[in-house]
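Hi there,

Here is the structure I promised to pass on. Have a look at it first, and my notes follow below.

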Amino acid sequence: TNGLELTFAANLPNDWKISAGYALLDAKITSSTAASKGVASVPDGIAAQGKKATLTPDHSANVWLTKALDAKWTAGGGITYVGDRFADTYNTVTLPSYTTVDAMLAYRVKGVDLQLNIFNVFDKKYYASAHGSVANSIYPGAPRSVQLTARYAF
């Protein structure tokens with residue numbers, strides 16, 4: 001894999017914080033003797049060498065913003081983007097790109113942290129992963145979910 005990965009984090013004015021990341025990847029199978037033979041829906045003789053690596057998007061990115069509302073409350077949200085990627089070794093099945101949005105609300109008082117997260121706020125339907133030589137198992141991404149976390153420091 002050749003590529004570039006950038007990350008950025010900063011404390012901004014007025015109690016805002018940001019973190020962001022971007023990856024540009026060129027992931028290729030550089031050496032392989034594997035070739036398709038008897039694989040359903042794939043013509044015989046397609047070489048794996050030179051194909052893009054499975055489940056590796058060319059582009060992915062994320063950004064997360066939080067705001068301290070006061071000494072006890074913090075709110076935030078983030079966006080994650082994952083580009084198109086191949087689901088199989090022979091690059092015949094493509095999982096489409098997707099974007100999800102997450103949100104959080106946190107409360108802190110006297111050593112107790114409570115945090116409510118909502119993942120995939122808009123309940124985006126997407127394909128997260130695949131497994132098998134011709135992607136005979138394609139897995140959907142997680143639907144909207146809610147998580148409440150409690151932490152106590154002593």
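Which residues does Thr100 touch, not counting residues up to four places away in sequence? They are Gly78, Ile79, Thr80, Asn120, Lys124 and Tyr126, where contact means heavy atoms within 4.5 Å.

Before going on, a word on the source: this is a predicted model, in which local features need pLDDT of at least 70 and side-chain atom pairs count only at pLDDT 80 or more, while totals for chains, interfaces and linings use all residues. Residues are numbered from 1 along each chain as its sequence is written, and side-chain values use heavy atoms, with hydrogens and water left out.

Back to Thr100: this residue sits in strand β7, which covers residues 98–109. Thr100 counts as buried because its relative accessibility is 9% (buried is under 20% relative accessible area, exposed over 50%, partly exposed in between, with a 1.4 Å probe and protein chains only).

As for the whole chain, there are 11 strands and zero helices (DSSP runs numbered from the N terminus: H or I of at least four residues for helices, E of at least two for strands). The radius of gyration is 21 Å, whereas a compact globule of 154 residues would have one near 15 Å (taken over C-alpha atoms; the globule rule is 2.2 Å times the number of residues to the power 0.38). Along the principal axes, the C-alpha atoms fill a box of roughly 65 × 30 × 30 Å. Buried residues make up 23% of the 154.

Of the contacts with a separation of 6 or more, 50% join residues 24 or more positions apart.

Best wishes
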